[in-house]
Amino acid sequence: SSNSTGTFTYSAGTGMGIIGQVVQGTYATETQSSSVTYATTNVTATITPSSSSNTILVTANMSGVAKFTGNTSVGFKIHRGTATSDPEVIHFAERAGLDNGTGYNWIGSCSASIIDSPSTTSATTYTVFFNSRSDIATARIQSDGVESSITLMEILA
């Protein structure tokens, strides 16, 4: 498996409804979980809003999603922060995959977008977490080192 992380940042524009900046974080190391407890995917990015009235368009694309062994599916959620105790901004792909059968199933990619209002000008981190929907089966992401990403776009108020 490969191991890569990355960040892309873009800044431009002023005025209402304009994209102020874009930040992207990527991660491409295969990660597995056999627990219903949510664990980090290491897909994370940090943005510093220029105004507390600006919103953030958060888009996550999780790739290489699969399940193998046992009956399970894969759940994802995004938190504003780096821990599951931080505010949850979206729960997605709650039941991605197949709950029946004991074989290996490729799910492919799972994506989600949401507009968040962090109401701050401090550095704000968004992190994707995942779980196996069953404690007896394994969920896998970034299979074979494919890249997952999270993109943050500041929308000026």
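This is a predicted model: local features need pLDDT of at least 70, side-chain atom pairs count only at pLDDT 80 or more; totals for chains, interfaces and linings use all residues.

Colleague: Where do glutamate 88 and lysine 77 sit in the chain?

Modeller: Glutamate 88 is in strand 7 and lysine 77 in strand 6. They are eleven residues apart.

Colleague: Is lysine 77 buried or exposed?

Modeller: Buried, at a relative accessible area of 11%. Glutamate 88 is partly exposed, at 38% relative accessibility.

Colleague: Which ring does lysine 77 lie over?

Modeller: Tyrosine 38. Lysine 77 lies over its face, 4.3 Å from the ring centre.

Colleague: How many salt bridges does the whole structure have?

Modeller: Three. One of them joins aspartate 116 and arginine 80 at 2.8 Å, N to O. Aspartate 116 is in strand 8 and arginine 80 in strand 6, so this pair ties together parts 36 residues apart in sequence. Aspartate 116 counts as buried at 8% relative accessibility. Arginine 80 is partly exposed at 23%.

Colleague: And what about arginine 140?

Modeller: Its side chain meets that of glutamate 30 in a salt bridge, 3.4 Å from N to O. Arginine 140 is in strand 10, while glutamate 30 is in the loop between strand 2 and strand 3. Arginine 140 is buried at 12% relative accessibility, and glutamate 30 is partly exposed at 24%.

Colleague: Switching to rings. How many aromatic pairs are there?

Modeller: One. Phenylalanine 76 and phenylalanine 92 are stacked, 5.4 Å centre to centre, with 15 degrees between the planes. Phenylalanine 76 lies in strand 6 and phenylalanine 92 in strand 7, so the pair ties together parts 16 residues apart in sequence. Both phenylalanines are buried.

Colleague: How many residues are in the largest nonpolar core?

Modeller: It has 25 residues. Phe76 and Phe92 are among those with the most contacts inside it, as are Tyr126 and Val128. Strand 5 gives the largest share, five residues.

Colleague: What does valine 128 touch?

Modeller: Its contacts include Phe76, Phe92, Ile78, Met62 and Ile150. Lysine 77 is on that list too.

Colleague: Last thing, the overall fold. How many helices and strands?

Modeller: Zero helices, eleven strands. Of the 157 residues, 45% are buried. Among contacts with a separation of 6 or more, 79% join residues 24 or more positions apart.

How values were computed: Residues are numbered from 1 along each chain as its sequence is written. Side-chain values use heavy atoms; hydrogens and water are left out. Rings of Phe, Tyr and Trp (its six-membered ring) pair if their centres lie within 6.5 Å; planes under 30 degrees apart count as stacked, over 60 as edge-to-face and the rest as tilted. Helices (H or I, at least four residues) and strands (E, at least two) are DSSP runs, numbered from the N terminus. Buried means under 20% relative accessible area, exposed over 50%, partly exposed in between (1.4 Å probe, protein chains only). A charge sits over a ring if NZ of Lys or CZ of Arg is within 6 Å of the ring centre and within 35 degrees of the ring normal. A nonpolar core is a set of buried Ala, Val, Leu, Ile, Met, Phe, Trp, Tyr and Cys residues joined through side-chain atoms within 4.5 Å. Contact means heavy atoms within 4.5 Å. A salt bridge is a side-chain nitrogen of Lys or Arg within 4 Å of a carboxyl oxygen of Asp or Glu. Lists of a residue's contacts leave out its neighbours within four places in sequence.
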